[in-house]
Amino acid sequence: MAKSDTSQITTLDAVDREQFEREIVREGRPVVMRGLVSDWPVVKAATQSPEALRDYLKAGYNGQAVETFVSASGNDGRHFYDAEMRGFNFQRQNAPLDALLDKLIEVADQPDPPAIYAGSVPARSCLPGFVQDNVMPLLEPAIEPRVWIGNKSRVAAHIDVELNIACAIAGPRKFILFPPDQIPNLYIGPLEFNMAGPPASLVDFANPDFERFPKFREAWEARIEVELQPGDALFLPPLWWHHVTADGAFNMLVNYWWPSDPRGVQMPAMALSMLAIRERPLTERQAWKTFFDHYVFGEDAPQSADHIPDHARGVLGQAGPERDKTIIGFVMRSLGMR
């Protein structure tokens with residue numbers, strides 16, 4: 001397969017909060033920020049040795065168990081569905097973080113160790129001193145860091161519906177990115193039955209089956225490859241697909257999610273639209289597409305009710321709490337819930 005043009009992604013040094021908010025977030029494209037968190041104590045511990053990182057984390061650990069994925073040797077770190085897509089190729093278990101850290105050190109020299117992965121661990125409830133010692137300079141302090149620790153792993157291409165900053169702490173992290181318009185070529189799995197919440201691509205990037213997934217060739221041509229070293233960070237806008245690989249015996253990443261819209265109703269809205277419209281005849285779907293473009297997606301959608309007096313606009317009214325309450329009431333009555 002052809003090599004991608006990695007110059008498609010902007011790489012910056014010395015990003016401050018003003019530049020981040022004014023330029024990076026508003027642009028709505030991924031950006032690599034080299035060395036953004038290289039002065040964090042946790043990064044400095046990680047650059048010393050795996051043992052130093054383990055000891056640093058254990059010193060701030062409060063004993064709360066964390067959800068851990070564990071799978072047998074031989075799957076090359078790919079946490080995924082089982083062969084029939086009735087379950088998964090790993091087991092979920094709650095385990096103390098300090099025991100997980102010790103286990104990673106114990107199996108580090110094994111040629112094919114079990115894949116161990118603790119993901120999306122909320123730092124405030126598990127590592128309470130972490131937030132004070134390792135400050136994210138680009139975000140409000142209320143946005144919680146989440147910790148990802150494990151050995152070699154391959155995370156299937158997936159999306160986040162929120163904005164995301166991912167910071168490499170220990171070991172390199174390779175991201176393969178795809179813009180949202182590549183969704184038809186990535187062969188996405190179930191929306192609600194998946195490994196960790198977001199829908200994910202069914203394509204094995206290490207061994208793509210082009211007979212089963214022929215359009216993946218087009219996605220591969222559109223990919224953007226990024227490698228983060230400890231201290232580097234990647235900004236990801238919502239709905240950008242990202243496949244993530246961690247190499248090495250002891251890896252750590254910290255990320256921050258925050259919503260562009262705190263209501264978080266976009267995915268349920270899409271599911272409701274599928275219920276209402278997807279199986280209608282083509283001509284009817286096309287008619288509804290015109291309506292969606294007029295009221296939702298079109299460039300002039302925010303002005304679609306300008307000809308109606310303010311007091312009579314109802315669900316078409318100016319955005320705000322009262323309009324939102326009106327919409328929710330309208331939906332619930334339509335579904336017979338009121």
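Me: What is the volume of the largest cavity, and how is such a value to be read?
Reply: Rolling a probe the size of a water molecule over the atoms shows where empty space is left. On a 1 Å grid over the protein atoms alone, a cavity is a set of points where a 1.4 Å probe fits but cannot get out. Points are joined across faces, edges and corners, and a volume is the space filled by probe spheres set on them. The largest cavity here has a volume of about 30 Å³, and the count comes to one cavity of 30 Å³ or more.
This is a predicted model, in which local features need pLDDT of at least 70 and side-chain atom pairs count only at pLDDT 80 or more, while totals for chains, interfaces and linings use all residues. Residues are numbered from 1 along each chain as its sequence is written, and side-chain values use heavy atoms, with hydrogens and water left out.

Me: Which residues line the largest cavity?
Reply: A lining residue has an atom within 4 Å of a point. For the largest cavity these are Arg 78, Arg 154, Val 155, Ala 156, Val 203, Asp 204, Phe 205 and His 243. Strands (E, at least two residues) and helices (H or I, at least four) are DSSP runs, numbered from the N terminus. Strand E7 (residues 153–158) gives the most to this lining, with three residues. Ala, Val, Leu, Ile, Met, Phe, Trp, Tyr, Cys and Pro count as nonpolar, Asp, Glu, Lys and Arg as charged, and the others, Gly among them, as polar.

Me: Is Arg 78 buried or exposed?
Reply: Buried means under 20% relative accessible area, exposed over 50%, and partly exposed in between (1.4 Å probe, protein chains only). Arg 78 has a relative accessible area of 14%, so this residue is buried. Its place is the loop between E3 and strand E4 (91–96). With contact taken as heavy atoms within 4.5 Å, Arg 78 touches Asn 89, Arg 154, Leu 202, Val 203 and Asp 204, not counting residues up to four places away in sequence.

Me: What is the volume of the largest pocket, and which residues are closest to its centre?
Reply: A pocket is an open set of points with protein on both sides within 12 Å along at least five of seven lines. The largest pocket has a volume of about 2,300 Å³. Of the 42 residues that line the largest pocket, Ala 269, Ser 273, Phe 292, Val 296 and Ile 327 are the closest to its centre. Helix H8 (266–278), helix H9 (282–297) and helix H10 (321–334) each supply at least two lining residues, and H8 gives the most, with ten. By class, the lining of the largest pocket has 25 nonpolar, seven polar and ten charged residues.

Me: How many residues line the second largest pocket?
Reply: The second largest pocket, with a volume of about 910 Å³, is lined by 41 residues. Trp 148, His 158, Asp 160, Pro 198 and Trp 257 lie nearest its centre. E7 contributes the largest share of the lining of the second largest pocket, five residues. By class, this lining has 22 nonpolar, 13 polar and six charged residues.

Me: How many helices and strands does the protein chain have?
Reply: The secondary structure of the protein chain comes to ten helices and 13 strands. Of its 338 residues, 42% are buried.
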